[in-house]
Amino acid sequence: MKKYILQRVLISLATLFVILLVLFILMDLMPGTPFNDEKLTQAQKDILYAKYGLDKPLLTRFFLYCKNMLKGDLGVSYAINKNFAVSGMVKDRLGISIAVGGMAMLIGTVFGLLLGILAALKHNSWIDNLCSAISVFGVSIPSYVCALLLCYFVAYRLNWLPILYNTDQPFISLILPAIALSVSPTANIARFTRSEMIDVMNSDYILLVESKGVKDWKMIIGHVLRNTMIPVITVMGPILVNLLTGSSVIEKIFGIPGIGRLMITAIQENDYNVTIACAFVYSLMYIITMLFVDILYGVIDPRIRIAKEGD
Amino acid sequence: MKKFIAILLTLLMVVCCVSCGKKEEAEDVVIFQNENVRKAMSYAIDRVSLAKSLNDGSVAAEGIIPFKLASNPVTGQDFRDEQGSVVSYDLAKAKEFYEAACKELGKKQLSINLLYGTNEGDSVIKAAEQIAYYLEEVGFEVNLVAKQKKERLQLMDNGDYDVALTRWGPDYGDPQTYMDLYLSYNFSNNSGRYNSAEYDKLVLDAEASTDPSERWAKFLDAEKVLVQKDFGIVPVFQAGGAMIIRPTISGIHFHSAAVDNYRHIVGKDNVTLITNTDIVYLDYQYATDGTSFVAATLFTSGLTELDEDGNWMLDLAESVDVSDDGTVYTFKIRDDANWFNSNGEVVRTVTAQDFEDAWNRLISEELASDYSWWISDVLLAKEWKAVDEKTFQVTLEKPNGIFMQCLAFPSAFPINKDFIDEQGDQYATTAESILSCGPYILKSWTPGYSYEMERNAGYYFNSEYDAAGTAKKIVFRVLEDTQTALMEYESGNIDTVILSGEQVTANKDKEGFVNRLQGYLFYLSLNINHYDE
Amino acid sequence: MPNTDHDFHHDDFEFAHEEGEKLIDRTYSATSYAKDVWNNFKKNRGALIGIVIIVFIVLMAIIGPSMNDFTYKQIHGGQECLVPRVPGLEKLGIFDGYHNGKDQYAEQDAKDVYYWFGSDTQGRDIWTRVWSGTRVSLIIALAAVVIDIVIGMVYGLVSGFFGGMVDSVMQRFAEILNGIPTLVIVTLLGMVLPAGIVSIIFALMLTGWIGMERIARAQVLKVKEQEFVLSSRTLGAGKFRIIFSEILPNIMGQVIVTSMFSIPNAIFLEAYLSFLGLGVPAPMASLGSLVSDGYKSMTTFPHILLIPVIVMAVLMLCFNLFADGLRDAFDPKMLNK
């Protein structure tokens, strides 16, 4: 098992390196430059290019970037907050996005699993239909519509929660964005749990457990859920990454200075260093999550665990 | 096997896409050299209906010079009022010109690509759709090409477009800020390479002229040549800005051709304002955007500032002497003008040397400021020096009617060179790493969230500010979404809100509703001669 | 009488059932797999309703835009943001063109005009735009499902089944592709590709299948060690035979359900793409772009948002009912019951 994990970690590092290189090449291909502006002359643009070292060949810049990155230096912003250290910009905003995303994931997982399990246990009853309808609406109504509805009714009309994000009461003012963000994950997880659980409950080993006389709830937790979780975790991984790296629309609506908004602006402004940093944070989270999912697989599924130990 | 088919399919798609792309590029490249095409486009657009449906306070353009930009130096009449409209909407005429153009070019239908930016505001997207509709009414086939702003500018720079919906924001209140754009050798702004000897001569003569009314008359003629005679560009609309300001507060001075002045807000001690964009750069010599400039005018001061009507009044300068020929200005800087740090402590006094340093830094190549031309091209200054500690002298190339008003622009503000040298790379990256010499002090800045200004207790003007009941603290909250902003306003947490066109109808009767006119003029840039490069 | 000769007699055993009950052995005619699926599907009432509504919406997408005199891009200056008004229904007090107690149509001098779904902020007919938008979105939805199934599922199947080195390499490739944010990739596509449906499908093809691939792979990992695969293998079945005729039917249910969920993602991705200049070129509409446009008027003229959202939600609901029916119908375990 240890050998397997070590091997996976090394491969992940290599993958990250490749992603970074690809990102660098993509940035180079991006249309426009950070300095396209009505008020700048060509001569000034050339000066800026030279000043930031963008006139050097791609590979030189790439290795310089890698070298600086190991020192924790992600370069400076060219367009969003000129000359700001990107590492600082990303660090400040990532924390908030992780907070909102984490809350949303928690809500999404709890409600998603509950809805899914309930629907599967009462398969083909009205509860099942209701749960299905909720999850279908959850994915077909965009999160920004839910967000504005919540703002209007919960915050504006009922005055229960603040409308905008507020640094004075970060937790309270992040509840609404987290709920709005969690709608789609709830629906996805519920839907997936339901169909997975129905599959598991129809399988022969559950029939065996049942005939052995294991109590209902014990059977559901110990046997059905455990086997349901394996594929569910596969879906949850990418959802988690997407939530943690911020949603630009939700951040826009609630005025949250998060990383999702930063990345969109960076792409629009062609701010290379910021775009690469944001994208790399995303990649890093994604790769780490995938690594965890793969390892968790082994822990939850005895068959895979044994197979890996045999390696 | 299925995988193989999938790969094949992918390849097929790529080939399809590439061939589609090629087809689009093979457009008529010279149609805008035909005058009738340009005329047809100009007559086709119903600018009044278009501006009305934008519904955000925008107005139909009547020429390339916007309303309330500049007024006649002698009579004081607005340029636009004096000139009248040089564009008109006439569907029948447009169709006539279109038919004629088709005949001359030997085509059944003329097809054009209309380039516009998708992240330049909702009104741009709406306007582009409407323009396309009006052009199609006449007979054109219009493909809308949506691009991000930076890419749009790149395409225009390369001449890789037919027609583009673009805009210009005036830097100062004079027709010259627009007229310079279409000089035949202005390759940075004249993307369509409009080329007219007559226009060049009029503009250059005007700029060389020392007689203000002759200069003015030549600008009037130049606009007629550009818009009415040659149809070199097609003006569309002037941007508006609908907003609600809490009725209890007042004193925000909006200027369509200068930086808005927020220094004199009265009616409330703690004011929270909405801004839909964040500060880009605190270093006002480097900044290019309105938000950064508004912030800069709060925490720093120049020799002059603008009042409600856009007239200049002295600020850090105590007095000014002008030589008889109008070319040498001698400013006496106030004794009580000081630099303050973010805690409000006096660092040292503001000297004439600070102005000299500032202007030298602005034009220096290493700073590469977007406004490096401000001193020479707008102020027309050729020499500037600190005569003694508090005396600053500027020599102009020739008399300049807008000199004093343009000193109120942040690019002409002083800097504290010692502090900049001390801070190095960190200068102007946080509230602590910039000095203040204005009526407010930047207390904090959280990028993407908010920045706070607190009244500067040591500012010379303070007693009068106190007497007027000027706001003690101004918080700018960065928020892009107009719908949550309106809810927040109605809950009483913020004091201004910017409205989108969709919200205006329902809110225009509310108390505090303002329809301000902005200086931005949106026009169609036609690619006349920019193909062969 | 003791039975000592260990022979069986006809009365040694008797039916445990009640007297008089008859047990009849039924014989079924052999049915094909496809027919089994169809028979099962027919029994599911929800799925049938779903498919009827889908057919209806598809029909409306085809004929809806030509049912009145408006076109999707026709701009009517002065008739912006009108609420729905339908002849006939207006007498009942609904869809009568009143907004906040005022007759908008009379105010805008449009007494004889009927916008069945109202008009948008530029005075365009929403009815026409919604149905022509539905047409675009249905094509995108179809493409999304096909891409999901063809690329995602096959990739996942192969990767999961072969395992080892093949799996590792294929997974790293997918990780690299998915590790780069979709936005960065599609922004670049915006430069290379012209705006239009082909480009949207291409963008979906680059990134859309990865979610499905992971699910398909997870399913394969779960199924491939099960006994029926083993038995097939011992009987000498080839690898591709095992993949496509043993494993595939067993994971089909999950695959179909997942692919249905990728539809709204694809439709909303399209709306975002049009912002980047890659989606359907304006003034053409799609459900996604109608929703994101309508959002701006949500607090003032909610009908502009509500109508496309409802069409979208109903469409999704029906797709899901349909998918559920398919899933049950395809599932071999359900077939045996």
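Author: Before we start, helices (H or I, at least four residues) and strands (E, at least two) are DSSP runs, numbered from the N terminus. This is a predicted model, where local features need pLDDT of at least 70, side-chain atom pairs count only at pLDDT 80 or more, and totals for chains, interfaces and linings use all residues. Residues are numbered from 1 along each chain as its sequence is written, chains are lettered from A in the order in which they are written, and side-chain values use heavy atoms, with hydrogens and water left out.

Reader: Thanks! How many helices and strands does chain A have?

Author: Chain A has 13 helices and zero strands. Its C-alpha atoms fill a box of roughly 80 × 60 × 30 Å, taken along the principal axes.

Reader: And what share of chain A is buried?

Author: Of its 311 residues, 57% are buried, meaning under 20% relative accessible area with a 1.4 Å probe, protein chains only.

Reader: Nice. What about contacts in chain A between residues at least 6 apart in sequence?

Author: Among those, 74% join residues at least 24 apart. Contact here means heavy atoms within 4.5 Å.

Reader: Switching to chain C: how many helices and strands there?

Author: Chain C has 13 helices and two strands. Buried residues make up 56% of its 337 residues.

Reader: Now chain B. Which domains is it divided into?

Author: Domain 1 covers 2–240 + 521–526, and domain 2 covers 249–494. Those bounds come from an automatic or database domain assignment. The C-alpha centres of the two domains of chain B lie 34 Å apart.

Reader: What area is buried between domain 1 and domain 2 of chain B?

Author: About 860 Å², with carbon and sulfur atoms giving 52% of that. Buried area is the accessible area (1.4 Å probe) that two parts lose on being put together, summed over both.

Terms used: Buried < 20%, exposed > 50% of the residue type's maximum accessible area, 1.4 Å probe, protein only.
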